Structure formats: structure tokens, C-alpha cells
Amino acid sequence: MNFVVQLSYLLAAVLFILGLKAMSSPRTARKGIMWAGAGMVLATLVTFLHPAVHGLTNYVLIVIAIAAAGGLAWWSGRRVGMTEMPQMVALYNGMGGGAAAAIAAVEMLRALRTLPNDLQVRAEALAADADISVQAATAALRAEGAGSVGIAGALGADVAILAILGAFIGTVAFSGSLIAWAKLDGRMKRSQLVPGQQIVNIVVFALAVLFGILTFFTDSALVVAVFFALGLLFGVFVAVPIGGADMPVIISLFNALTGLAVGFEGYAIGNPAMIIAGTVVGAAGTLLTQLMAKAMNRPLTNVLFAGWGSSEGATSEGPEGEMKDISAEDAGIMMAYAERVIIVPGYGMAVAQAQHKIWEFVELLQDRGVEVKFAIHPVAGRMPGHMNVLLAEAGVPYDMIFDMEDINEEFAMTDVAVVIGANDVVNPAARDDPSSPIYGMPILNVDEAENVMVIKRGGGAGFSGVENHLFYGENTRMVFGDGQKVAGGMVQAVKGL
């Protein structure tokens, strides 16, 4: 039976890898999700056959866990809106890290529970051989250090090291992801919890490392509890200073940490499916984090420790000139008579749920012979691929959606560029103003288009706190209002021609 279980775990791991590979393309992402889901179902169900699982109580607990978690996931997945998808991703990342940390906690507590029994057995054997009392034998063994072999002695050095690393990474990913969820959901606005936040972070990290080392040798549950508490606290302190502009990076990082934690704990309990799946997710998440940081032209250390995107805001000089507005109807008519139009979506489009109206407007333009494309910045929205998901939901064909590096040169040959809900990723200050906090971040060259239409509720700064120079450009017109209503006005204007 164990052979069937291990073979099933291997097959599940293969399905995870194939699923992740398919998710790399929008065309095959749905298929990838189905494959990965099938792998997870297989890995879960085959656990009922695992030799280590026996007794009615364990089976009942497994069924209850599957029913409760599966039911909650189904319910929340059905009701979550597309604008809330980043929050759900952050929450699920946290659940993965928390699960890995929980596995580590169970293994450590189990190891601590076996230590007294092991010492008792050895003491009884010594007492019989040396013809002394059990109490004297126990004292002699303790004097030799046999009573303090700790978790490493019970689990083995290699398993203990990976279990401790997985526990720390998992707790950080869990608590950090919860903070990310709270920030994305608007439930938390603070950028620091204590004065000198970064110094406190270093102190907490140092203490966590110290207690991690102590946990390796300890036979005390209190030391283990303090270690886990420090991991949770460090995750909170790391995530609190992160601003909204950095959320795609931090979500990718927590995804990578969750994968690593799962892989480490898979080794600790001898589960190959967890090892392979965790390693793959960890590697993919790490690569994605690097790509997100590169897209912002910022090292990961700067994202984690600089606190950019927080309420500290920018110090560069504001742009000159004034904003010039235009009605939705006039903007729609202008695009109806254009030859080339590029649309740049951002988080504001998600908030307004305007993607369907925008696609309806695009179809009207195409009927008039206008060439329309969508330009996506890597960090647009609040999670990697956020805009791609929204556009796919609205029915936009994949061949109309272009990444920044593939379309940036076309703005100079475009009649009208439309920005809906994007801000920092189209700010020319990142390219032209060395004093700007976002200077050096690659942007979409929207300002190079002949005409620029910015659909926005107001003229405020983006999540970085930097005023957008694009809004004051000579070729820019602001279309103020709710994105969905503005798109509806443009649709009616084109239909009336």
C-alpha cells in the first residue's frame, strides 16, 4: 500500500509541475489550474491510504478538515469579486505558509514528547546493567547530557534544521500575508507600528535566529513557542512598512516563501509531493519576485527596508502647468476617428469594474477600422497578472494584450493613448526627474503618443505618493469620473456617430 501512496504522490507532483507550466500563458492558464487542482485532489485523497494514518479518529479529523476548508474555499471563491482577487491571493499565500508552520509545530512537539520516554527507556536499561536504581541511572544520563539531546536528537540534525527553517519561513509568510491582505482590503493604513520600525525588525530577526538555534538543542516547549511567536512578529513587522505600490513584489515574495516552507516540511515528514511542489512553487515565486523588482528598477532589499510607497510620500518638486479636462463623449469621438489606439489599464479599472464597458467600447472602435491594443505594465494592479485576469474576464483576446517591452516603442506612432486607473506606471517623472522617488522605474511611454486621455476619479497621486507629470502634459486631457460611467459615455458617443 505504501508503494501506491508514494506513486500517487509522485504523480501529484508531476501534475503540479505541468499545471504551473501551463499557468505561464493566459491561453493555457485555465488548463493549468485544472491539472494542479487534480494533483491536489489526488494527494489529499491518497492520504487516506497512508500507513501512518490509522484509527477512526484520524479519518474523521481528515474528513472534517477537508469538508470545512473545501466548503469555505468554494464559498469564498464563488463570491469574491475580481477587484478583491489580490486580497484572496494574499490570504491563500498566508494559509499555505501557516499550514507548513503548523506541520513543523506538530513534528517538534511530537519530538519533545518522545524525549522523556526515550530517557526513561535508557535509564531502565542502565539500571539493570549497572545494578543501580532507575533514579540514579536517570541522574547519571542527565549528567552526561543524554537528557538534553533536544529536538535535533529526536528528529535527526538534517530534519530538525529543515523543520526549523520551514517553521520560521512559514510563520513569516503567514503573518506577513495577513498584513498584506489587510492593507489591500483597506483595513490597515499604518506604515509602522513602533518608532524606528526597521531597527526593531533587525532586533526581532536576530532574536528569531537565536531562538531558532536554541530550538535545535532544546527540550523545552516554551523555547519552541517563543521561536514561533518571534517568526509571526517578524512577518508582521516586515509587511507593515510595505506600501501599495510594492504589493505585487511582496505578494510574489510571500508566495516564494510559502513554497520553500512547504518543501522543507515535506522533507521533515518524508512527503515527496510536498518536497517537489514546494520547491517548484518556491523557485517560481523567487523568479517572479525578481522580475517584479526589476520591473520597478529596485532591488528587493529596497522594497523590504526602504518603506517606499508608504505615507512618507515624495520629496520631488511638483509638475508645472495645469490639468486640462475633456468630456467622455468628446474623448470617445476623438478615438472613433483615430487610426491607432493603445489602452493602458490599472488598478482603478478594477475598482470601477469598467473592463466590460471598455471592451464594448473597443469592439465599436474595431468596427470602425481602428487598431486597438492593450499595454500592461508588469506591476500594474495589486498582484502579478492582475490586469491580464481582468481583461480575460471581459473577453479581450490574448493577442490584443502586450507586455511593456513589446509595445513601448509603438506609443510614438499612436494617435490616442488611453490610461484608465493607472498612475505610477505611466508617470514620466520615473524617466525624466532624477529627484523623484520613482526615478529609474521602467514605465509605459504613454506621454509619447500624439494624444493622451486619462480616465480618473480625481487628480491625486498614486500609491507612491508622487504627483504624476503625465496629467499636466500639453497632449494630455483628463476625463474625470467613475471609469465604468466614463466608458459608458464613450460607448454612447461612438454609437451616435
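Biologist: Which residues does Leu444 touch?
Modeller: Leaving out residues up to four places away in sequence, Leu444 touches Val344, Ala375, Ile376, His377, Met404, Ile407, Asn408, Phe411, Val425 and Val426. Contact means heavy atoms within 4.5 Å.

Biologist: What should I know about the model itself?
Modeller: It is predicted, so local features need pLDDT of at least 70 and side-chain atom pairs pLDDT 80 or more, while totals for chains, interfaces and linings use all residues. Residues are numbered from 1 along each chain as its sequence is written, and side-chain values use heavy atoms, without hydrogens and water.

Biologist: OK. How many residues are in the largest nonpolar core?
Modeller: That core has 80 residues, and Leu444 is among those with the most contacts inside it, along with Met108, Val344, Phe411 and Val446. A nonpolar core is a set of buried Ala, Val, Leu, Ile, Met, Phe, Trp, Tyr and Cys residues joined through side-chain atoms within 4.5 Å. Buried is under 20% relative accessible area, exposed over 50%, partly exposed in between (1.4 Å probe, protein chains only).

Biologist: Which helix gives this core its largest share?
Modeller: Helix α7, residues 157–184, with 13 residues. Helices (H or I, at least four residues) and strands (E, at least two) are DSSP runs, numbered from the N terminus.

Biologist: And why does the core lie between domain 2 and domain 3?
Modeller: Because domain 2 (84–114 + 149–310) and domain 3 (325–496) both give residues to it. The domain bounds come from an automatic or database assignment. Another core lies apart from this one, with 42 residues, including Trp359 and Phe374.

Biologist: Back to α7. Which residues of α7 meet α8?
Modeller: Ala157, Ala160, Ile161, Ile164 and Phe168 in α7 meet Phe205, Ala208, Gly212, Thr215 and Phe216 in α8.

Biologist: New topic. Is Phe3 buried or exposed?
Modeller: Phe3 counts as exposed because its relative accessibility is 63%. Phe3 is found in helix α1, residues 2–22.

Biologist: What is the phi of Gln353?
Modeller: Gln353 has a positive phi of about 50°, although it is not a glycine. Most residues other than glycine have a negative phi. Gln353 lies in the loop between α14 (347–352) and α15 (355–367), and at 49% relative accessibility it counts as partly exposed.

Biologist: Last one: how many helices and strands does the chain have?
Modeller: There are 19 helices and six strands. Of the chain's 497 residues, 47% count as buried.
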